[in-house]
Amino acid sequence: MPDESVKVAVRVRPFNQREKDRSAKLIIKMQGQMTTIANPETPNEEPKSFSFDYSYWSHDGFQEKSDGVLEPAGGSSYASQRRVFEDLGQGVLDNAFEGYNCSLFAYGQTGSGKSYSMVGYGQNKGIVPITCDEMFKTMDKNADPNKRFEVTFSMLEIYNEQVRDLLSKDNPKGGLNVRQNPKLGLFYVENLKRVPVGSYAEIEKRTDQGTASRTVASTNMNATSSRAHTVVTITFDQIIKSESGSETKKSSVMNLVDLAGSERADSTGATGDRLKEGANINKSLSALGNVISALADLSMGTKKKIMVPYRDSVLTKLLQNALGGNSKTIMIAALSPADINYDETLSTLRYADRAKKIKNKAVVNENPLDKLIRELKEENERLKKAMEGGGVVMQEGAGLTPEELDKMRKQMEEDIRAQLMANQAMIAENAQSWDDKLAEARTETEKIDVGGADNSRKSKEAYLINLNEDPMLSGVICHFLNSGETSVGRKDASPVPNICLSGLSIQKQHAVIFNKKGVIEIESVSGSGSKTKINGIPLTGRKALCHKDRILFGSNHMYVLMNPLKPETADNSLPKEITWEYAQKEIAQVKGFATGSAGLSKEQQIVQEQVLEILPMVSEVNAVSEELNKQKSFEVVLISAAAQEGGDITQSHASKSKGLVHITRVTVKMKNLLNGNTWLWERGKFITRRYLIQELYQKFLDGENISNIPKEQDPFWEPTEDVLIGTSNLFLQSLSYCLDFEDTLNISDYKGQEEGHLKVKLEPCDNKGKPIDEEAFVDDPHELLNKPYHFKLTVENANIHKSRFSKGIMVKYSVKNNGKVEEVKTPTVKNTLTPTFNHSKVISIPKLKQENLDFFESGCITLSIYGIQEDTMPDPKLLKLNTRELRQMENMENSTANASGRRATMFGNEIASDTSHLKTEVVLLQRKYERLQQKERRMQQICEEWSKKPDGEKQFEPFYRAVSAVANSTGTRLKTRVQMLNQMLKLQKTVALPSYKDNSSPMLRLQKEAPGLQRQKTMDPSMLSQVLQGQKYVRQMALDKSSVIEEKDGTQGDQDSFGSVDLEPYMNADPEDSADRSKRFTQNGNRTGLLSDINTKREVLKPARNAVSEYSANKKTPSKSNGKRPSSADNNKTESSACVLQ
């Protein structure tokens, strides 16, 4: 048969309730076989397109029939479960009857709809049950007496590279072995139970048995089902009798695989974990991806010599035949439609696009039955002879040591022995009639009780029904509450409890439930130390239970009480159906974490999901720590953006739109309860460690001695490392004006609580670190653009509160220096809580850009203060306490210290950050206020001098020029002189000064010959007067230091910029504008007070400016007084102005 490509289908599900609550955006579109995905971060970018054999739109456009089955609404393109089966499942079934091996596997992230497509929910059956049902319907229609059918069913789970038989109660330690058939080269699971089935009902019951087994196992160890692969194998044999009486068997193996969730475990933070390589998280999925890539390269001929890495994981070994072998294979990729899952959905599409390039070569598996038996017997004889001869003899000199040769020989002998036993079992099976085997299996099937009692009792009696993270595993286990007392505990208790649970934090005698005529109450067994939560609140004493109450036994056993006798006791605010997610949100709320989604950004939604995901994991790890007495405690810690390292002076507001700014990080803090040392683990690292902790606990349950393992292999052990005491944010507004800034900053921890103070200094300098003088002050920050800029950051000293940090303290921060990100670290100062660093760093920006100014205005450098930790001897009294007692003592201390609640965890640093930011603004406003005070004093002095002159000497033009000079003056002598000289040069050009042959001063010539100069035909006398007055003013400014005030920039006096202020727009401003400015600045009391004083002084100066402006507007009309005192009306105005200014 020619090569046939793997068929690939993709299917998009509807929004779930959580996505609806968050108003998620749809990012998937489908048209025919084409699927497109749009990046929500770049809406103007062209969507990415993929083409598959089938693209199923199951997002919307459906309606529910009376029996609960979903079908397409009129005119919609909705793909129902039946349509998916007809396209995919029917092909699997047809190929099975023809004798081909078939494989169908579902891929996608957790919650994307894999299980719905494969198994289905309720009346909407998935591909697997419909295929099985149709197979038996077709078998029942068979009328050929010479053809009979034999069907066997097996179900296994692969978790953490261990294989577990879901149809067997007895699984060996470490799981079942995976062996390779030496003749066929294929891998198989040793001692896997294969059950004969004769109807779809039997397959359904066996599937329920396997699902219940998964539920119990995952609950006992919280082995998250989303990380496990489930493989259902149906072997379908057709035995055909020929006319001569010989029998031929046509065999088909159908592998139906529900893969684990494909989401990446957030590798951030896990990359540096010393134990990462020891964890098998997603190892099989990674290996599967490598196999698919290698097979795709082989199929396309891009590489000639490729070794397909089937042996890299258990999953790829078992799927070897399905991928690149003798099988017709279909892959269905499940897609999430929500924008929050864009990255994972795109990864799934790329994975599926790669898989469709694989080509398989399927053949019909048809052989005479007697030939198969004969070949099995012959192979057994060969294997026996090999065993008798000591196995396979290895040649010496093959580069192997004698020990390695001996080890290899023993391994080969073990494989031969296993194959021999497997062959003998097959021969024995063939010797037993199919009817006898089926009868035995049916007897066993009838005895199976998966815990889900009949529905008739559920309407009459109170019962507990389980909740699980996997919706497929919820509602599987049911415990009825008989009248009287129902005890809950471990099966090793005496007497044996009515409800037997096992796993973390479950005590022998855990709790007792009382049922008196439908009134249900629960009470913990006194003295047992058991942990039980009711609706997220720890159980203390005896408590009455209501319909739909949520009960958590230990760490993992979550149940809902259903009381049909008292349904009115249920809380009216509860949803119609209680889910695992709802129960976990409830627990998170009790712990102080916000779970509402209204108004949250995408980043906040991600953080919230991560918190809800990681909380039960932390509870589990704490329970393991208690049971193994590891003296460690764990808690979820949210590190806000303000508390993170990595302030970069080249960042800007534009960076935020590109996602380049810090967002809140979800971390886990591990604490040594004996000496107080702490470690912060990134989410990825914690998840890795959690799997290793599960492995360690499983060894403990299996009876292994784990007390002697090396500490380097203990997932609870971590070498001491520097601990983050807290952070301080240094704001940079002063750099925009070349001002130095010195302050004592608060050191705040991740909860926003004060841990000490840090004194720092920020000052502009040259490239060698020498501070620049005050002459470098700029009014307008834009004057600095496109010029080199240098500043020096000095960390002077610190004062730390907690004595446990006295072993050593240092400060770290990161900046971009000369275009390269540089990590800066001060020396470590030991044996003090008041370290003096005096550490300076010169930061250079080769060419200042607008984004640098933006960051100066609103950004900061985050200074991280670290303490040195050492393994110290604990208090001898603490050594007498176990982990549970140590945690209880710590919780009592924390409850006292954290009486203010957990909201500080999220927002404390933002508050501290805002305070520091406002402090910097106040310093700048203080500078501005001082300059305005100087200006006011100088203008009042000018007005007072003018008002004291006799009326005959009151010349308004000199008065106007003096007031204008002060109003428009800058703060530095050099800059004032340059500006005045520039004005004079402009005036000289305007009047077109002639050239002179002698060397006399042009200004002196101008005085002598002014009447003869003309601009065009005549010259305005006032222009000449301005030039002459300019000379006089320059000389005066050289002596007059009191007028050195800096107050002009291009911002038109807008208070939003912290530059200097031009008085003119304020003197002529509309009252509504002034009121609007004042309204925008009411954030801080100090700043508001300063602004109030500034506005008051502007109002004082306003009449003088009005008078000056009016004179400027009217001076073009020559006065009849011929230069003498103005008219009485004008005089009244000016005198009034002078009076006001005094």
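## A tour of cores and salt bridges

Start with the largest nonpolar core, which has 49 residues; select L288 and M331, the two that touch the most other members. Keep in mind that this is a predicted model.

Stay on L288 and show its contacts. Leaving aside residues up to four places away in sequence, L288 touches L259, L315, T316, L319, L323 and Y351. Next, select Y56, M118, F153 and A441. These belong to a second, separate core, which has 37 residues.

**Salt bridges**

Now switch to the charged side chains. The model has 41 salt bridges.

Select E613 and R683. Their side chains form a salt bridge, 2.7 Å from N to O. What does this pair tie together? E613 sits in helix α14 (residues 602–628) and R683 in helix α16 (residues 683–701), so the bridge links parts that are 70 residues apart in sequence. Color by accessibility here. R683 counts as buried, because its relative accessibility is 10% and the cut-off for buried is under 20%. E613 is partly exposed, at 28% relative accessible area.

Stay with helix α16 and select K685, which lies in that helix. The side chain of K685 meets that of E718 in a salt bridge, at 2.6 Å from N to O. Where is E718? E718 lies in the loop between α16 and β36 (723–731), so this pair ties together parts that are 33 residues apart in sequence. Are the two partners buried or exposed? E718 is buried, with a relative accessibility of 7%. K685 is buried as well, at 11% relative accessible area.

Move on to a pair of strands. Select K841 and E822, which form a salt bridge with their closest N and O atoms 2.6 Å apart. K841 is in strand β42 (residues 836–845) and E822 is in strand β41 (residues 820–825), so the bridge ties together parts that are 19 residues apart in sequence. K841 has a relative accessible area of 19% and is buried. E822, at 26%, is partly exposed.

**Last stop: a network**

Finally, select R82, E86, D133, E134 and K137. Which feature joins these residues? Salt bridges with shared partners connect them into one network.

Key: Residues are numbered from 1 along each chain as its sequence is written. This is a predicted model: local features need pLDDT of at least 70, side-chain atom pairs count only at pLDDT 80 or more; totals for chains, interfaces and linings use all residues. Side-chain values use heavy atoms; hydrogens and water are left out. A nonpolar core is a set of buried Ala, Val, Leu, Ile, Met, Phe, Trp, Tyr and Cys residues joined through side-chain atoms within 4.5 Å. Buried means under 20% relative accessible area, exposed over 50%, partly exposed in between (1.4 Å probe, protein chains only). Contact means heavy atoms within 4.5 Å. A salt bridge is a side-chain nitrogen of Lys or Arg within 4 Å of a carboxyl oxygen of Asp or Glu. Helices (H or I, at least four residues) and strands (E, at least two) are DSSP runs, numbered from the N terminus.
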